[in-house]
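Here is a friendly walk through a few local features of the structure shown below. Have it open in your viewer as you read.

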Amino acid sequence: MADTLKDVPEFFETELGESIASRNDALGTFRELGPPDLCHIIKCHSKPGIKEIGSYHYVSGVDASSSATLAAYLNSLTYSMDETQSWFSKSNTWRIRSGIYCCFNAFSRVDVRVEVKIPGGVECYYVDIRGERHEANATIWQETYLSAALRAILYSDDSYYRLAGYRKIDPITNVIEEQRFLEAVETLFWKGWQLGSNPEIQTATVVHNHLTSGVMKYFGDSFRYGPAIELYEKLVKDPEVGSLLAQSFIGQNEEVRAVKVLHDNLIRAPMSYSLLHVQVDFLRSKGEYDMALKLAKFAVNTTPSEFLTWAKLTEVYIDLADYKNALLTLNSCPMFTYSERDMHRMPAPSKTHLPIKSDILNSGIMEEDASGRENEADPNLSRLPAPALHGTFAKAYSLLTRLTSKIGWDDLLKCRSQVFVMEEEYRMQKAKEESQRSNEPEPEKRESTEENTDELNDQMETVNLEGNDESIAIKHTPLNRPDQVAEDKSKDAGDSTEKSPPHPRDGVNFSFSNKRLCERWLDNLFMVLYEDLRIYTFWRTEAAHYRAQNMPYRKTGTEWELLGDLALRLWHEREAREAYEECLDHKFSAKAWMKLLEIYVHESNVQRALLAAVKLTVYHERWYHEIVYPSEIARHLNVIIRKEGLSKIQNMLTSMNLPRSVQQLMIRYFEFAERFKVEGYEF
C-alpha cells in the first residue's frame, strides 16, 4: 500500500517534525501577511516496528474561522489516502495518525495551530515568536480568519509567490461567506495598516495596506462594487476612507456620487494624497490633463516622501507630452528597498510527491512543460537585467519605457542631455574652473558635512549594467549608446578622497544651474533600457531580413517567450502577441497563455480567449490551483461576460466539444458569475 495521498501534493520529511521546527524558527522574520498555511501530517503503518513518516504541503483558502473548520480539513485528508489494492490485501496499510494545521495571524504576529489526533481529540493553541504556547480566544480566531482570507485573495496569482506543492482553494464560495468576510473586515479595518502594504508604498496607512488591497481586488475583479460601497459608507468617518469609497463609486459607474464624496472629504482633509490621486485619475480618464497636473503637483507638495505621488505626477506629464518635466520628476522619485514576500525556508525533503488527477491526465488537454532544446535560450535574452527589477524600480522602469514608447530612444537621449549634466560637460566645466582657480589664491578647504550612503545601488547589484560589448554576440544594431551622465562623487563609498562635483550652492561659478544631476539608479535604468532596446531592435531587424529573403526565422520556445516579455515591457503589444503565439507553437507555456489571454480579451477575440482560459484552467488544476475566484482567469472571463453576456459565452464553450471533466472545470467560472450576479449574467 502506498504511503502517499491521491490528489494532494506532499513533501516528505527526513526527520519527523522538521517542517514545524523550521516554521517555529522563522516566526520572528514574518513582516507582513505571512506565508501560506502549512499542513503537516504523520502517517503510521499497520505493522509494528515500521518507522512513522511525516509529510507536509502548503495550502491557502481553507476557512480558518475556528478550530473545527481546520480540523475538518485535516480529517478530509484521511479520505485522500491512496487506496491502491494488492492481490492479497484490501486494507490500507498506511493511515494518518495525526496532523497539525498552522495558520499565521498577521495582526497579532502569532501562528495559530490546530492539532488533530486520529482517532482522538483536537487541541488548538497559538505560538508566539518566542515559541511559547497560548490559548486562542475569539479575537485571535477572527484575526486569523481574515489573515488567511487575505492571503488566499492576494496570493492567488502573485507572480512572486509561486511555490511547488502549493494548494489553492476558494476562500469565499457563497454570499453568506462573503458577508462574514465583510463583517471581519469592518471589525479589523482600523488595524489594517499593521499588515504592511505594496512595495511601492513606504508607509502603510488605513487606506494603503494589504487589507484594503485585498478588498478592492476581490470586488474589483468581478466589477461588483456594491458590497464594497456599503462597507466603506460605514467607515467614512475618516476622510481618507473617502478615496476607497470614491473608487468604488467610479467602478460602479456612479461618477456623480464619486465626485460628491471626493468634494466632501477633500474639504475635511485637503492634504490627503489618496483622495487627490483618485481625483487625478478621474480627470485623466476624462482627458482633463491640465487640471490633473495641478492636483498631482499639490499631492507631491503634501506628501513628497512617497514614491506614488512623484510617479503619478510623472504619468500626468507624459499624458501632457511634457517629456522633460516627466524625466525630471522621475529623477526625483524616492526609491525604497524591495522586501521579499514572507516565506520560510524548509529543509530539503527526502521525497516529493506531486500527483496528477486522473481526470486531468485523461482529458487530452493537459500539456507538460517542454524539455530539452526548447528550454534553451540565447544568453543575450536570458540575461537581460530588466526582469530582475522589483518594487519601485520596476514601476520607475515602466514609466521610463512608456516615455520611450511616446518619443523614441533618440529623442529620449536628447531630453536626457538637456535636463541632466552630462559627464563631458562636467569635465569641461571642471577644467575651466581649475584654470581660473590656479590664477587665484587657494581658498580655504571646506569640510564635507554630508555622509551619503547609496542604498539604491545595492538594489541593482544583481543587474549587469556595465554594458561590456564583449559579452554580447549580437552586433551592428542602429541604436546609440547613452552617454555617461555626471555623477555625484560624494555618494561613492570608499572614495572620500575625491572632491564633490560643483553645485550652484557651493559659491562656485557653475553654468549648469538649470540642469540636474541624474540619480545613480535612474542612470542604471537607462542602461537597462538600452539593453532591452538593443536586443529588441536586433530581433525586429533580423526578422524583417528573413521575411524579405523568404527564409524561416527560427527560435526556441523559451526564446520566443522571452521576446514576448521584452516586447510587452517596451509597450509593443502586437509584436508580443506574435512572439507568444510562436512560443506556443514550440512548447507549452502557462506564462505565454496568460499574457495572450489578456491580449485576446483586450482585442475582444472571445474564441481565442476561451481557448486560453481552458488551457490555463487545466494547467492550474494539475498544479493544485483549485481556486476559481479571485484569479486572473476569472477576472478576464468577467470582462468578456460584461461585454458579450453569459449565455453567449456558455454556448461558445459548449461548441468547443471539450471533455466532460474539463467542461466541468470551466463551468465553475460561469456558476460564480450567476451566484454573485456579475454584470452580464442576465443576458
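This is a predicted model: local features need pLDDT of at least 70, side-chain atom pairs count only at pLDDT 80 or more; totals for chains, interfaces and linings use all residues.

Residues are numbered from 1 along each chain as its sequence is written, and side-chain values use heavy atoms, leaving out hydrogens and water.

The axes of helix 3 (residues 138-154) and helix 5 (residues 210-220) cross at roughly 55° and come within 9 Å. Axes here are lines fitted to C-alpha atoms over the stretch in contact, with angles from 0 to 180 degrees between N-to-C directions; helices are DSSP runs (H or I, at least four residues), numbered from the N terminus. On the helix 3 side, Leu146, Leu150, Ile153 and Leu154 make the contact (heavy atoms within 4.5 Å), meeting His210, Leu211, Ser213, Gly214, Lys217 and Tyr218 of helix 5. By class, that contact has six nonpolar, three polar and one charged residue; Ala, Val, Leu, Ile, Met, Phe, Trp, Tyr, Cys and Pro count as nonpolar, Asp, Glu, Lys and Arg as charged, and the others, Gly among them, as polar.

## Helix 19 and helix 20

Helix 19 (residues 520-548) packs against helix 20 (residues 557-569) at about 120°, with the axes 10 Å apart. Asp532, Ile535, Tyr536 and Trp539 of helix 19 meet Trp560, Leu563, Leu566, Ala567 and Arg569 of helix 20. This contact of helix 19 with helix 20 holds seven nonpolar and two charged residues, and no polar ones.

## Cysteines

How many disulfides does a search of the whole structure find? It finds zero, a disulfide being a pair of cysteine sulfur atoms within 2.5 Å. The closest cysteine sulfur to that of Cys39 belongs to Cys102, and at 8.5 Å it is too far for a bond. Cys39 is buried (under 20% relative accessible area, with exposed over 50%, partly exposed in between, 1.4 Å probe, protein chains only) at 1%.

## Backbone details in loops

Most residues other than glycine have a negative phi, and most peptide bonds are trans. Asn253, in the loop between helix 7 (241-251) and helix 8 (255-268), has a positive phi near 60° and is exposed at 56% relative accessible area. Asn657, in the loop between helix 25 (646-655) and helix 26 (660-675), has a positive phi of about 50°.

The peptide bond from Tyr629 to Pro630 is cis, with omega near 0°.

How values were computed
Helices (H or I, at least four residues) and strands (E, at least two) are DSSP runs, numbered from the N terminus.
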